[in-house]
Amino acid sequence: MSEKTEKTEPRLSVFKTYKLYVGGKFPRSESGRVYEVTDSKGKWLANAPQSSRKDARDAVVAARKAFGGWSGATAYNRGQVLYRVAEMLEGRREQFVREVADAEGLSKSKAAAVVDAAIDRWVWYAGWTDKIAQVIGGANPVAGPFFNLSSPEPTGVVAVVAPQESSFLGLVSVLAPVIATGNTAVVIASEKAPLPALSLAEVLATSDVPGGVVNVLSGRTAELAAPLAAHQDVNAIDLAGADEALAKELEIAAADNLKRVLRPQPVDYFGTPGTERLTAFLETKTVWHPTGSLGASGSSY
Amino acid sequence: MPTTAPTAHALSDVTASDSTLRRFLHGLPGVDAVGLEARAASLGTRSIKTTAKAYAIDLAISMVDLTTLEGADTPGKVRALGAKAVHPDPTDRTTPATAAVCVYPDMVAAAKEAVAGSSVKVASVATAFPAGRAALDVKLADVRDAVAAGADEIDMVIDRGAFLAGKYLKVYDEIVAVKQACGDSARLKVIFETGELSTYDNIRRASWLGMIAGADFIKTSTGKVAVNATPANTLLMLEAVRDFRAQTGVQIGVKPAGGIRTSKDAIKFLVLVNETAGEDWLDNHWFRFGASSLLNDLLMQRQKLATGRYSGPDYVTVD
């Protein structure tokens with residue numbers, strides 16, 4: 001064979017098998033199903049796993065298992081881990097720009113702006129982990145000789161219905177605040193554009209985020225959200241990516257074990273988010289402690 | 001139902017001396033380890049759904065020996081366990097009671113009180129559980145204590161050291177003595193600690209040794225070592241009780257213990273029972289699970305079937 005023909009011979013494509021991310025592992029769907037993911041013009045991109053309710057159940061078990069360690073980690077440590085996610089994303093920027101451009105039909109430069117904003121969003125929330133307690137907690141003046149202190153604590157396992165349109169920046173904007181405060185998450189990726197979410201899972205797996213803290217499922221949003229909303233071991237649900245009819249149905253199902261529900265609302269994901277999503281999945285613990293000022297010595301402490 | 005009364009059956013002559021016993025046990029066919037594990041694995045792939053699953057879950061609950069064998073056991077904890085055994089799910093009174101609670105001998109009285117008036121039995125481990133490293137007199141005193149306190153079932157451990165050293169008659173004599181100490185009032189479960197017996201051949205020999213010596217139940221393990229009940233060693237013991245009944249007409253129970261934590265696992269064991277020993281063993285008189293956390297998973301699965309929603313650990317007791 002001459003050197004010339006060798007050069008022109010086309011290389012066999014190596015396609016990526018997209019998989020779920022559950023408990024730090026990358027399983028296929030228990031159901032064995034996949035569905036076709038196309039770009040905005042209808043061209044085939046890849047097959048994504050179509051998860052079943054059993055995958056959702058497994059993801060909740062993994063998230064519950066990870067909750068103790070993650071919520072018990074120091075806020076400072078969580079901040080470092082989230083910052084590490086941004087670092088890892090930076091290294092795979094090109095890949096995410098391509099995936100976001102394909103998924104959302106954006107030009108390369110617009111997609112790059114989206115990815116940059118998403119990376120910055122991780123850094124932003126990484127900074128918040130050890131500051132949120134000072135902002136929304138604190139000492140309360142009470143009518144008695146007590147120290148009265150309020151401190152925010154994570155709600156628990158949060159099901160996140162990721163935004164449908166903004167498949168990457170939107171996803172990061174709803175996911176990062178959930179885990180920044182110490183919750184663990186089960187994410188249902190955008191139904192039409194799940195690939196950026198599934199690739200984000202690969203980043204999370206290599207950036208010190210303990211397995212199970214984030215679990216990513218792809219598939220039919222309605223099919224996966226229903227069992228999660230009714231699941232007795234899920235403590236909260238973020239309905240960002242549910243349409244009006246689905247959101248109503250899920251909210252009813254979620255009422256059964258008094259889940260915290262964050263209703264869908266119009267959001268500009270490019271804007272600075274504020275602390276709303278951080279506080280949505282926090283509980284306030286208040287402790288009373290005698291000051292000791294009743295003592296005979298007269299000391300107020 | 002065949003009885004388990006010790007009878008002078010066809011195998012009585014093999015225990016005439018150490019050498020006849022050894023000849024008999026070593027004459028048992030060798031175990032095909034690969035085939036055994038493949039068989040156990042293939043039976044584990046059965047899909048049990050809907051009504052069959054509901055039946056299996058209730059059956060499994062009724063077969064649980066709810067166990068607490070910790071140094072930190074208190075009478076209060078035993079009472080709580082007893083209450084849970086009688087009404088595993090207080091929110092749903094159709095839930096069957098478990099078969100028994102399983103405790104250390106000094107907790108038998110507390111357990112007996114806790115399950116009084118119900119069908120739940122009290123099982124007690126004895127004979128210097130879990131190591132079994134004590135003089136025979138001490139072991140027998142342990143058993144008599146438990147029986148006197150009202151234990152319905154005694155879970156003894158065999159002397160693995162003697163077994164592995166090939167002193168089969170010593171092991172046999174000990175089981176016979178313990179059986180005698182149990183008298184007519186208590187059923188005897190014999191624990192082999194399969195994780196310490198090293199080979200499948202040894203598990204088969206131990207099973208036959210235990211059955212010949214008059215065990216009412218043969219039990220895999222104490223739950224205190226690294227390898228406990230596995231589908232393969234339980235399958236092997238189920239084959240042994242099946243063959244033993246075919247040969248002598250005496251039916252003997254099986255109890256896998258330790259490491260069975262999910263409903264899925266429990267249902268796999270029930271499939272093994274049905275396919276190996278047969279339907280006669282699908283009853284808590286003949287098959288038990290030695291477990292503690294398994295019951296919570298069974299209850300959560302039961303709640304899921306009843307409500308259609310996945311349940312969570314917040315809806316079962318913490319024990």
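Biologist: Before we look at the sheet, when do two strands pair?

Modeller: It comes down to counting bridges.

Biologist: Okay, so in what order do the three strands of the open sheet in chain A run?

Modeller: Keep in mind that this is a predicted model. Strand 3 (138–139) and strand 10 (282–290) of chain A are the edge strands, each pairing on one side only. The pairing in this open sheet is antiparallel, and the order is 3-4-10.

Biologist: Which residue is the bridge partner of Gly138(A) in strand 4 of chain A?

Modeller: Strand 3 of chain A is joined by two bridges to strand 4 (residues 146–154) of chain A, and these strands run antiparallel. For Gly138(A), the bridge partner in strand 4 is Ser150(A).

Biologist: Now the helices: is helix 4 of chain A roughly parallel or roughly antiparallel to helix 8 of chain A?

Modeller: Helix 4 (residues 93–104) and helix 8 (residues 195–205) of chain A pack at an angle of about 160 degrees, with axes 9 Å apart. Angles over 145 degrees count as roughly antiparallel. So helix 4 of chain A is, relative to helix 8 of chain A, roughly antiparallel.

Biologist: How many residues of that helix contact are nonpolar?

Modeller: Helix 4 of chain A brings Gln95(A), Phe96(A), Glu99(A), Val100(A) and Ala103(A), while helix 8 of chain A brings Leu195(A), Pro196(A) and Ser199(A). Of these, two are polar and one is charged, and the nonpolar ones number five.

Biologist: And how many residues of chain B are in contact with chain A?

Modeller: On the chain A side there are six residues in this contact. They divide into two nonpolar, two polar and two charged. On the chain B side, the number is seven.

Methods
Residues numbered from 1 in each chain as written. Chains lettered and ligands numbered in written order. Predicted model: local features only at pLDDT ≥ 70, side-chain atom pairs only at ≥ 80, totals over all residues. Axes fitted to C-alpha atoms, helices over the stretch in contact; angles between N-to-C directions. Helix = DSSP H or I, 4+ residues; strand = E, 2+ residues; numbered from the N terminus. Parallel < 35°, antiparallel > 145°, perpendicular 65-115°, else oblique. Contact = placed C-beta atoms within 7 Å. Nonpolar A, V, L, I, M, F, W, Y, C, P; charged D, E, K, R; others polar. Pairing = 2+ DSSP bridges.
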